[in-house]
Amino acid sequence: MPQSTGDTHHIYLLSWLFLISGGLAALTPEPSPFWGWVLLANVVVSGVWMGIGYYRALHQGSKWRIIYSIVHLDMFSIYMVILAWRGNGETALGALFYFLPVVVVGWIGYSYRRRVFSEILQPRSLLSKILWFLATGAGGGAIAGLVIGKSFPQIALYWMYLVFLLLILFSHSMWIKAENPNYEPYQE
């Protein structure tokens with residue numbers, strides 16, 4: 001992550017990401033007061049954390065910026081997973097199907113953070129190259145899925161779900177940069 005160049009840092013804009021995804025999750029496919037209250041609680045906690053970070057200038061330390069980024073990217077991704085789950089019926093079995101992989105992928109990202117971080121920034125294996133292609137082509141794929149959605153409405157939701165699993169994998173691999181800010185891909 002780049003070093004802060006002034007009193008403020010763009011890291012505080014990450015709150016908008018989960019605010020948007022949380023709003024989508026709370027309002028789609030129909031408004032849910034429960035998810036609205038969950039989002040409001042997250043906004044308050046994030047606002048307090050952001051205020052403390054700004055007041056104490058914590059954004060100037062790379063470790064704080066990385067941890068702040070991981071938490072906010074996780075919230076963004078989890079709200080998008082909630083959106084995919086809600087879009088597919090909000091069943092108990094669906095919750096297991098959607099949220100168990102999130103936990104597993106987060107654990108893999110953290111446990112194998114050196115390898116995952118290196119493979120994401122400099123893909124060497126075929127699987128990494130395929131996943132990188134899927135993740136970077138996801139925006140266009142989601143739009144194409146929405147266009148094709150008249151015939152196959154679930155395509156965009158599944159594609160989006162895959163992309164956010166990859167984002168969780170990457171965000172948890174960033175712990176390596178919190179532990180060692182000078183870590184470079186494939187550094188042994």
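Start at Ala 57, which sits in the loop between α2 and α3 (helices, H or I of at least four residues, are DSSP runs, as are strands, E of at least two, and both are numbered from the N terminus). Its phi is near 55 degrees, a positive value in a residue other than glycine. Ala 57 counts as partly exposed because its relative accessibility is 28% (buried means under 20% relative accessible area, exposed over 50%, partly exposed in between, with a 1.4 Å probe and protein chains only). Keep in mind that this is a predicted model, where local features need pLDDT of at least 70, side-chain atom pairs count only at pLDDT 80 or more, and totals for chains, interfaces and linings use all residues. Residues are numbered from 1 along each chain as its sequence is written, and side-chain values use heavy atoms, with hydrogens and water left out.

Glu 90, in the loop between α3 and α4, also has a positive phi near 55 degrees without being glycine. With a relative accessible area of 36%, Glu 90 is partly exposed.

Now for the helices on either side of Glu 90's loop. Helix α3 (residues 62-87) packs on helix α4 (residues 92-111) at about 160 degrees, axes 10 Å apart (axes are lines fitted to C-alpha atoms, for helices over the stretch in contact, and angles run from 0 to 180 degrees between N-to-C directions). That makes α3 and α4 roughly antiparallel, a label for angles over 145 degrees. On the α3 side the contact (heavy atoms within 4.5 Å) is made by Ile 78, Val 81, Ile 82, Ala 84 and Trp 85, and on the α4 side by Gly 94, Ala 95, Tyr 98, Phe 99 and Val 102.

Rings are worth a look too: there are 18 aromatic pairs (rings of Phe, Tyr and Trp, the last by its six-membered ring, pair if their centres lie within 6.5 Å; planes under 30 degrees apart count as stacked, over 60 as edge-to-face and the rest as tilted). Phe 34 and Trp 35 make an edge-to-face pair, 4.8 Å centre to centre with 75 degrees between the planes. Here Phe 34 is exposed at 53% relative accessibility, whereas Trp 35 is buried at 14%. Phe 97 and Tyr 98 are edge-to-face as well, at 5.1 Å and 80 degrees; Tyr 98 is buried, at 2%. Elsewhere, Tyr 12, Trp 49, Tyr 54, Trp 64 and Tyr 68 form one aromatic cluster.

Note on methods. Angles under 35 degrees count as roughly parallel, over 145 as roughly antiparallel, 65 to 115 as roughly perpendicular and the rest as oblique.
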